[in-house]
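The sequence and the model are shown below.

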Amino acid sequence: MNHITGRPLAVAIMGPTASGKTASALAIAARIPSEIISVDSALVYRGMDIGTAKPSREELAAVPHHLIDIIDPLDAYSVAQFRTDTLRLVAEIQARGRLPLLVGGTMLYFKGLNDGLDELPGADPALRARLEDEAARLGWPAMHARLAALDAETAARLKPNDAQRIQRALEVIELSGQPMSALLAQREKTELPFELLALALEPSERSVLHARIAQRFDLMLDAPDGGLLAEVEALRRRGDLHPGLPSMRCVGYRQAWDYLDGRTDYATLRETGIIATRQLAKRQLTWLRAMPERSVIDCLAPDAAGQLLARVEAALAARAA
């Protein structure tokens, strides 16, 4: 990498859940000296290994990994923290003469890194409480209609029952005096100190990805020592965690918590867990389709990892020429 001109290169390996991102990254790292930066909002949590499909001990030992097991499930990790940590880590990895591989499916993290952060006002608990009280009286569709009158562009992107985002948009208007869409439009895109080669693993057949998702969720449930249910039971026994935390809202954990609370049966746990994971994959693919700069590889191709490696090698060769 020392002969590369211009901004140094980093590689993003993106894709929906169960698309083979980890295996592909490890295949690249086996050929090119690399370090992996996790771009996954669930892998940051300690003690959450099975339901997050965390890389195995052997995989973590094979290649240096970053931003995995860095916080307790009681705490939160923001896009801003991710961006700060990643900018620092990329520079450190490049200084060691290695290639940074940004691997994961949390598209909001990729967007925050690439586009910079919004200059939006922080949360106001008192204002949020008032908006929630009004929504309890009027209903969220009515709050959505109010938002449409004040910020038609933002309202058009939201469903009438998207309580969290409607509340946030109304909060921003009251705190800043401006529509959220106007504040976002003012944001200046910041140029990264490195060039990011965006590679996306996407399925040519959605049904095959769905089958992979079901198989992987079953493996989580059937993992040794009680699998996902034993993992969530251990987290519940701590006594300080609850279903409202970002960590416990992760796909799989929320459904397991409901089962352990006695609110659902095992068949429902499995069904809702698989459905929630499919919905996550659908959202991830929607985000990816909005990234025209990405280079797409069929994650179902037998040589998907080889194709990724070839594109990385070609990019490095072109920069070294």
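How many bridges join β1 to strand β5, and in which sense do the two strands run? Six bridges connect β1 with β5 (residues 195-202), and the two strands run parallel. The model described here is predicted.

Strand β1 spans residues 9-14, and six of its six residues are buried, so the strand is largely enclosed by the rest of the structure. In a regular strand, side chains alternate between the two faces of the sheet. In β1, L9, V11 and I13 point one way, whereas A10, A12 and M14 point the other way, and all of them are buried.

An unreviewed UniProt entry carries the annotation "binding site" for G15, P16, T17, A18, S19, G20, K21 and T22. Of this set, A18 belongs to the lining of the second largest pocket.

Two members of the annotated set, P16 and S19, can be described in more detail. P16 is located in the loop between β1 and α1 (21-31), and S19 is found in the loop between β1 and α1 as well.

Is P16 buried or exposed? P16 has a relative accessible area of 0%, and because the cut-off for buried is under 20%, P16 counts as buried. Leaving aside residues up to four places away in sequence, P16 touches K21, L201, P203, L209, A281, Q284, L285 and L288.

S19 is likewise buried, with a relative accessible area of 3%. With residues up to four places away in sequence again not counted, the contacts of S19 are L201, L209, R212 and C299.

## An exposed loop position

E119 lies in the loop between α4 (107-115) and α5 (125-138). Its relative accessible area is 71%, and because the cut-off for exposed is over 50%, E119 counts as exposed.

How far apart are E119 and D162 in sequence and in space? E119 and D162 are separated by 43 residues in sequence and by 22 Å in space, C-alpha to C-alpha.

Terms used: Residues are numbered from 1 along each chain as its sequence is written. This is a predicted model: local features need pLDDT of at least 70, side-chain atom pairs count only at pLDDT 80 or more; totals for chains, interfaces and linings use all residues. Side-chain values use heavy atoms; hydrogens and water are left out. Buried means under 20% relative accessible area, exposed over 50%, partly exposed in between (1.4 Å probe, protein chains only). Helices (H or I, at least four residues) and strands (E, at least two) are DSSP runs, numbered from the N terminus. Two strands pair if DSSP finds at least two bridges between them. UniProt positions are given in the numbering used here, feature names are shortened, and annotations may be inferred rather than shown by experiment. On a 1 Å grid over the protein atoms alone, a cavity is a set of points where a 1.4 Å probe fits but cannot get out, and a pocket is an open set with protein on both sides within 12 Å along at least five of seven lines; lining residues have an atom within 4 Å of a point. Contact means heavy atoms within 4.5 Å.
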